[in-house]
Amino acid sequence: MFATYMNSLHETLSRRVALVLFGVAILVTLAFNWLVHIRPLANGMSTMIVGAQLPAPSGIAVPAVLESMLRATGTLWLLLAIFAAAPLLTSSLEKGWLELTFSKGTPRWRIFLGRFLGGLTLYAFTFTLATFPLAARLWWETGVGTWRIGIALLVQTFSFAALLSAAALVTLPQKGVTLPIMASVAIWVLSPSLAARQQAYYRLFTSHLARTIVDWVYRILPKCSELEDLCISLVQGGRMTSWWPVWSTSVFTLAVLSLTLWQLSRKSF
Amino acid sequence: MTIPAIETRDLRKSFRTLRGRIVDALQGVTLRVEPGTIFGLIGQNGAGKTTLVKVLLGLSTPSGGSARLLGGLPGNAAVRRRVGYLPEQMRLPDYFNARDFLRYMGRLNGVDSGVMKRRIPELLELVGLADVRKPVKSYSKGMQQRLGLAQALVNDPEVLFLDEPTDGLDPLGRKDVRDLLIGLRAQGKTIFLNSHLLSEIEMVCDQIVILDNGNVARAATPSEFTRGTGEYFVRVARLDESIRTAVEAVLHPSPMSWQQTTLRCMPRDVTQLNTLIDRLRSVPVELESVEQVKLSLEQFFLEVVGGQEP
């Protein structure tokens, strides 16, 4: 599996979309660093100026800056990374290549899982590239702890894993990368409206049956928007209020990924 | 009794098309390939050759019957580590160079990195790519085929499946591949060769199977396929009426025809052929050659798949 994992990273570096992703990550980190100015005060404290806003004590400004950064980058990376990672899955099933790899002595589920993990690494790496330099600078210059950005990385990568597992499942019965991307994006787009389904859907669907279906769709699909909110709350020093989005998304990811790998192992090519 | 390298019994494979029609790609294929031999599989397009290879490699699951590869199930990863495969259509990713590609293929087959360090240059030398430094994306079809052959050998396999191995190669390259196959057989490797180039098959194979509509239409050795037809070409130095009369006297009423100074005839048996030769010498006329007419594998194949008995 390690060989296919490394191969997926090798392939990633050769793709233009991944290079664009890295480029955007560097631009984002440069932009945020340029917007944030830190002024030390005489009492050993410091104050921050973010863009054109008024100065604020660092203890208040640092969490606010991290929140803005996560709101801006969280959404962007999920979308961009799906475009970069989904081809890693579909290319492993291309005719002429799958005959070469799946006829070897490594089970196909391991080959596919290696590439899935390669996709997650791509996301985690670009997220880190976009957010960690500023977090490190804030901690270094203000002394305010920003280690919780690490938790954000884990939560957001976990959310991305759920989306990528959906893309993986859609990869099997068809050729091409369009449908897997569309499936992931659709789940991600539906996520906030399903979380707020009473306001978003209950007025549209008045029957009990329709509302029950909407409720079940919400329960089954990954809770990307809730995970993003959770991630921001944790970065600001908040506490875990509910494990529901975490465990229900875990169940979705594990179930869908297991189903994909099982189907792949049985599939006739 | 030795374990066969490859064995299938009543192997069946059916597909359902998008319109729901069932296609029987393999309709009960039974064959046995002995270790250390070169086995040739021939058949028309759509005869089921590639499906058979895919089932034997565990890429496709059979609908019925059984398949054994080196005594184990084809889908077993440990069995596949002892097998090499060159598919007919290969897609080599752009980002590889030859060494990276072979290293990756080796790792998928569990080959130790120390072994690969030694083996990869040897293989590149063997297939004539040792001095090529450019990325795989700029390889010609022939070079890709050579690299494909190298990856099939990276794990030093006991059984080698080659689907059209000489496709895209020039005559010199084809000869190299033939020599390579013969050398591998001498090392005790089993080679399963799937090719449209019947002359190649005829030259190297120990056993040949003709697959027709998912069935084994014929299975024999090349010499059995290319046996004599009973006809002979007798070439004489000159042709005149006395020679024609002498030939008629011996062969009548067997079929015969002249083309310039060459007689094409079908004597009853070897005794009659010898009588003919004696008679011609007594004319006298000088005999330039006597040659038995043999069926080529191509003729035999056309007759089998054309539905005529050879």
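How many residues does the contact take from chain B, and how many from chain A?

Author: The contact takes 23 residues from chain B and 20 residues from chain A. Here, two residues are in contact if their C-beta atoms, placed from the backbone, lie within 7 Å. Before going on, some housekeeping: this is a predicted model, in which local features need pLDDT of at least 70 and side-chain atom pairs count only at pLDDT 80 or more, while totals for chains, interfaces and linings use all residues. Residues are numbered from 1 along each chain as its sequence is written, and chains are lettered from A and ligands numbered from 1 in the order in which they are written.

Back to the side of chain B that touches chain A. The elements giving two or more residues to that side are α2 and α3 (98-108) of chain B, and α3(B) gives the most, with 4 residues. Helices (H or I, at least four residues) and strands (E, at least two) are DSSP runs, numbered from the N terminus. By type, the residues on this side of chain B split into 12 nonpolar, 5 polar and 6 charged. In that count, Ala, Val, Leu, Ile, Met, Phe, Trp, Tyr, Cys and Pro are nonpolar, Asp, Glu, Lys and Arg are charged, and the others, Gly among them, are polar.

Now for α2 (77-80) of chain B: the loop between β4 (64-69) and this helix holds L70(B). L70(B) has a positive phi of about 50 degrees although it is not a glycine. It counts as buried because it has 22 C-beta neighbours inside 10 Å; the cut-offs are 20 or more other C-beta atoms within 10 Å for buried, 12 or fewer for exposed, and partly exposed in between, with C-beta atoms placed from the backbone.

Strand β5 (residues 83-86) of chain B is worth a look too. V83(B) and Y85(B) point one way from it, G84(B) and L86(B) the other way, and all are buried. β5(B) runs parallel to strand β6 (residues 159-163) of chain B, joined by 4 bridges, and V83(B) has V159(B) as its bridge partner. Two strands pair if DSSP finds at least two bridges between them.

Further along chain B there's an open sheet of 4 strands, antiparallel, in the order β11-β12-β10-β13. Its edge strands are β11 and β13 of chain B, each pairing on one side only. β11(B) and β12(B) pair in the antiparallel sense over 4 bridges, with S257(B) opposite R264(B) in β12(B). In the loop between β11 and β12 (262-265) of chain B you'll find Q260(B), a residue other than glycine with a positive phi near 55 degrees. Q260(B) counts as exposed because it has 8 C-beta neighbours inside 10 Å.

Two cis peptide bonds to check in your viewer: H252(B) to P253(B), with omega near 10 degrees, and V283(B) to P284(B), with omega about 0 degrees. P253(B) lies in the loop between α9 (241-251) and β11 (256-259) of chain B, and P284(B) in the loop between α10 (270-282) and β13 (287-294) of chain B.
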